[in-house]
Amino acid sequence: MSHTTSSRPLPQEERNTATEDLPPDGRPEPAPDAAEATPDAGEATAHATEATPDAEEATPDQDTVASEGTDPEAATAPEAATETEAAPESEAAPESEAATDTNSATPTAPASASTPAPGWRDRHPIAARALAWTTTALAGALVLVTLLLPNDPARLTPAEFVRIPVEGIAGAALLLVLPQTVRRVAAVLAGVGLALLAILDVLDIGFIGALGRGFNVVFDWPLLGDGASFLQDSIGPAGALGVEIAAVVLVLALLVLTALAVVRLSNLMARHRATAAGTTLVLGTAWVLSAALGLQIAGAPVASRSTSDLVQARMDGVSATLKDEREFAREAATDPYHGTPGSQLLTGLRGKDVIFTFIESYGRSAVQDPLMAPGVDAVLAKGTKRLRAAGYSARSGWLTSATYGGGSWLGHSTFMSGLWIDNQQRYRTVTAGDHLTLTKAFQRTGAWRTVGIMPGVTKGWPEATWYGLDHVYDSRELGYKGPKFSWSTMPDQYSLSAFQRLEHGRPHDKPLMSEIILTSSHNPWAPLPKTLPWNKVGDGSVYNSIEKAGKNPVDVWQQTDRVRTEYGKSIQYSLNSLISYVEKYGNKNTVLVFLGDHQPVAKVSGDHASRDVPVALVAHDPDVLKRISGWHWTPGLNPGHQGPVWRMDTFRDRFLKAYGPHPGSTAAPAAAR
C-alpha cells in the first residue's frame, strides 16, 4: 500500500510544528485544485514504471528515505513497487488519486472487483518454494537415473546410481551455450532420447532374465506380442489388459516427464548461468580425475560413460545384425544334403515309426539342480527300467540349444535344419528358403507319412511346408474339450492320446514320422495336470476338476523355491506321459528321439546356467542303437554329468550320416547293413 494513504496520528512534536505553520487565523490555507494537484493517473503509472524498473532498484537506501522526509515503511516495501510496476492504468489511477489526499481521514477504497485475487504461490510462499525445490530435485534424479540405468539385471545395485555421467556433463555444457529457443528444443529432444534409451534398457533387463540375451532393436519387436499372449494365458485376459495399459501409460509418462525434467533443469541453469558453468566445470574435472585414477564404488567406476557405451553398442548391434542377415542367407543356401536323392536318405530307418518329441523347457538344470534333480532323475531311472522291461534300450547325451528361457521355435528349427538359428531374423530367413530339415528328409524319401502334433499352435502355421509335414494337427484339430493349463492349451497326456487316436493307432500303408511338441512344462508351471489311466483321458473334459484344484501361477511365482519345485514337477509329468505312451502304444518298429528345446528362465535355472538340454534315443531294434555307438552316448535316459555335449545344429548331419550314406556316396541296400 502507498504511504500517502496512512491515517496514523502524528507525534506531539510533529503536531506542534504543524500548528506553527498555520496562518494567523488558525485555519489552513485552501488546498490547490484537485485537478492541478493530481497528475494524470496514466502519467503517474508511467512515471512509477520508469522510476521502478525492478523491485530491488525501487527500494531506496534507508538514509536517503529519511533525508527526503518520505515514510520509510512504505518506501522499503518491495511488494508495493512490484504491484505498481505490474498494475494496468485502470488499476493505478485510483491509487494515484488517493495519494493526493494526504490529510483525509477517509479509509482507502477497496480494490476493484476486476483485480485478480492473490495466487496460491502468493498466499503460501514457503510451500511454493518447497514444492519448486522438490520438483527440481525429482527432475534431477530422473535424469540421473536414465543416464546411469544399466541394461543388465546383475548390475542393478545402488553403486550404479552414485557415479558421474559424462553425458550429463557434456549435455549441460551444450545447453549453457545455446540460445533460448534452440536450448528448449534441444532439451526436449534430449529428454525424449534419454527416455527411449531407458525403455531399451528395461527391455534388455527383461530379455536377459527370460531369454538370456539382450533385446535386439531390429528383429525382437514381434516378440513383445508373444509376451502379451503368454501374459494373457498366465493371468487371464483382464489381468493382461491391465498390465498392458499400465505399461503403455508408464512409457508415455516416462517420455513426457523426462523431457519436462531436462527442460526444467536447462531453464534453471540459464537463470543461474555462472553457478551452472562453475558446477559443470567442477564435475568435469572430477570425472577426468576419476577416470584417470580408475576410482570405483563397489566395483562400479565413478567416471561413467554407460549411456554413450550403450548407444554405441546398439549401433554396432544393428550393423552386426544386418551383416549377419546377409551372411546367414548365404549359409542357409548351402546344404551338403540339398541334392541327395530321397532313395539315399535314411535307409537305416526304413519301416520304422520315428517320433521326434520336444519337451518344453527340459534343460540340464532339471537333471542336475539339487532342488529339482532328485525327482526328475528318479523318473528317468525308473523310466529306463520300465522301457527295458518292455524290450526297449536307450542312449542319451547333451545338446547346446540356440536359445534360452524361451523362443522354442528357434530350438526346434536349429535341431531340424542343422543351422544355428538364434534369432528371429535367422528363423524368417531359413523358413523362407528350402534348406533340408530332418522331417523333410523323411518326406523326400516317399517312404513315410509325416505329421505334426502341435498343441501350442493356435492359428495358421505356414512353416509346416518348410518342415516337410504332410499334415499338422494344431490345437484346433486335436478335439480337446477340457480347460487350458495356463499357457499350455492341453495336457501332454491328452496330446499323445490324440496322436494315438488320429494317426498312430489307425491303419496306414506307410510308417509314420511324427514331430510332437509337449507343452505342459511351459512357463508358468501352474496349475499342473495329473497322469491318468489312458482310458480315462477321453475328450479332455476330465481335466476340468484337476485344473480348478491346481495352484495359481501368481502364488507360485512369489517364491523362487516354489516356482523351481513346480517346474521340476512339470518335467516329471511330461516325462512320465511320454514313457507311459511308449510302454502302452509302442511296438518293435518304434524309434523315439526326445529332447528339451531350451533351458528354463533364469529364475529357475540360475543366472549363469548353460544352454545344454538332454537328448535321448529310444528303440526296440538293437541295430538302431548300434548305428550310433560312435556317438558315445550314455546308456539309459539320463545322460549323466559327463556325457558328450554337441551344438544342437550338428545333430541333423550326424543323424543323417548314421542312418544313411554320407552326402555324395552311393547308398548301400538296406538289407546289406
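Predicted model: local features only at pLDDT ≥ 70, side-chain atom pairs only at ≥ 80, totals over all residues.
Residues are numbered from 1 along each chain as its sequence is written. Local features need pLDDT of at least 70, side-chain atom pairs count only at pLDDT 80 or more, totals for chains, interfaces and linings use all residues, and side-chain values use heavy atoms, without hydrogens and water.

User: How many residues of strand S5 (residues 353-359) are buried?
Analyst: Strands here are DSSP runs (E, at least two residues), numbered from the N terminus, and helices are runs of H or I with at least four. Buried means under 20% relative accessible area, exposed over 50%, partly exposed in between (1.4 Å probe, protein chains only). On one side of S5, Asp 353, Ile 355, Thr 357 and Ile 359 are buried, and on the other Val 354, Phe 356 and Phe 358. The count is 7 of 7.

User: At what angle do the axes of H19 and H27 cross?
Analyst: Axes are lines fitted to C-alpha atoms, for helices over the stretch in contact, with angles from 0 to 180 degrees between N-to-C directions. Helix H19 (residues 438-445) and helix H27 (residues 651-658) have axes that come within 10 Å. They cross at roughly 30°.

User: Why are the buried residues of H27 on the same side?
Analyst: The buried residues are Phe 651, Arg 652, Phe 655, Leu 656 and Ala 658. The arc uses the directions from the helix axis to the C-beta atoms. These residues lie on the same side of H27 because they cover an arc of only 165°.

User: Which residue forms a salt bridge with Asp 612?
Analyst: A salt bridge is a side-chain nitrogen of Lys or Arg within 4 Å of a carboxyl oxygen of Asp or Glu. Here the N to O distance is 3.0 Å. The pair links strand S11 (residues 612-619) to helix H15 (residues 364-368), 248 residues apart. The partner of Asp 612 is Arg 364.

User: Is Lys 551 buried, exposed or partly exposed?
Analyst: Lys 551 meets Glu 566 in a salt bridge of 2.9 Å, N to O. Glu 566 is buried, with a relative accessible area of 5%. Lys 551 has 42% relative accessibility, so Lys 551 counts as partly exposed.
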